Amino acid sequence: MNMKSIKFIILSLFLLISVDGFSKKIPGQILYSSDTINVIFQLPTNLLTKEPFYESFQNKVTYFDSNDNKQILLPSEANEIRFIYGPDTVRMISVDYSRELGNRKTSRSKIFLRIIVDGSTRIFILYGNSNHEFHDPDRYVLIKKNLKTLLVKSVGFRRSMVEFFDDCLSLIGKIKGKEYKHMSLFTIVEFYNTSCH
């Protein structure tokens, strides 16, 4: 083996360990339709940043029940999970996995998405394989109470906002009149939630 190969192997091992090498046990709750239970979640975290890998528990969550038995929870089995991580109360809602969310390799009909804004239109974050950035504009998902869903894209943003919020003429006028800067997602949703519904 030459030196270049050894360096590559060492770097690969370091990245593997730093990406998936650590988990924390965090108290939290599982919310069902008619019940809420307290559990201890096992959250995979980045060894270096200590941030949770939200992507890893969009499809399943590992937790310990009141008898300290390790369990697996699928999004189809509960309405919501929540826990406190640092200063944040993290809520992940079980939502229908629709084609609007992209071509993810999953056979499941539900997925846990982290809710960022609650209201008649909710903003969720969809974590993907290539990007764990919280503010990546191509990872936001809008879901209305009528379950209309939109994976927000930076390309065609204004057009998609006009189509998605077609039930609020005053908001459409503001978007078409360019009152909002490109990618003013939070401002648009706040206006819709307070002025349209």
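I began at T194: a polar atom of its side chain lies 2.8 Å from the backbone oxygen of E190. I count a polar contact as a pair of N or O atoms within 3.5 Å, where one must be able to donate a hydrogen and the other to accept it within protein, and residues adjacent in sequence count only if both atoms are side-chain atoms.

I noted that this is a predicted model, in which local features need pLDDT of at least 70, side-chain atom pairs count only at pLDDT 80 or more, and totals for chains, interfaces and linings use all residues. Residues are numbered from 1 along each chain as its sequence is written, and side-chain values use heavy atoms, with hydrogens and water left out.

I placed T194 in helix α4; helices (H or I, at least four residues) and strands (E, at least two) are DSSP runs, numbered from the N terminus.

Is T194 buried or exposed? I found T194 exposed, at a relative accessible area of 61%; exposed means over 50%, buried under 20%, partly exposed in between (1.4 Å probe, protein chains only).

I looked up the buried residues of α4, among them L185, I188 and F191. Their cover includes β7, β8, β9, α2 and α3, contact meaning heavy atoms within 4.5 Å.

I then traced the open sheet: 10 strands, antiparallel in pairing, in the order β4-β3-β2-β1-β5-β6-β7-β8-β9-β10. The edge strands β4 (70-73) and β10 (149-151) each pair on one side only; two strands pair if DSSP finds at least two bridges between them.

I checked β5 (residues 80-85) against β6 (residues 88-96) and found six bridges.
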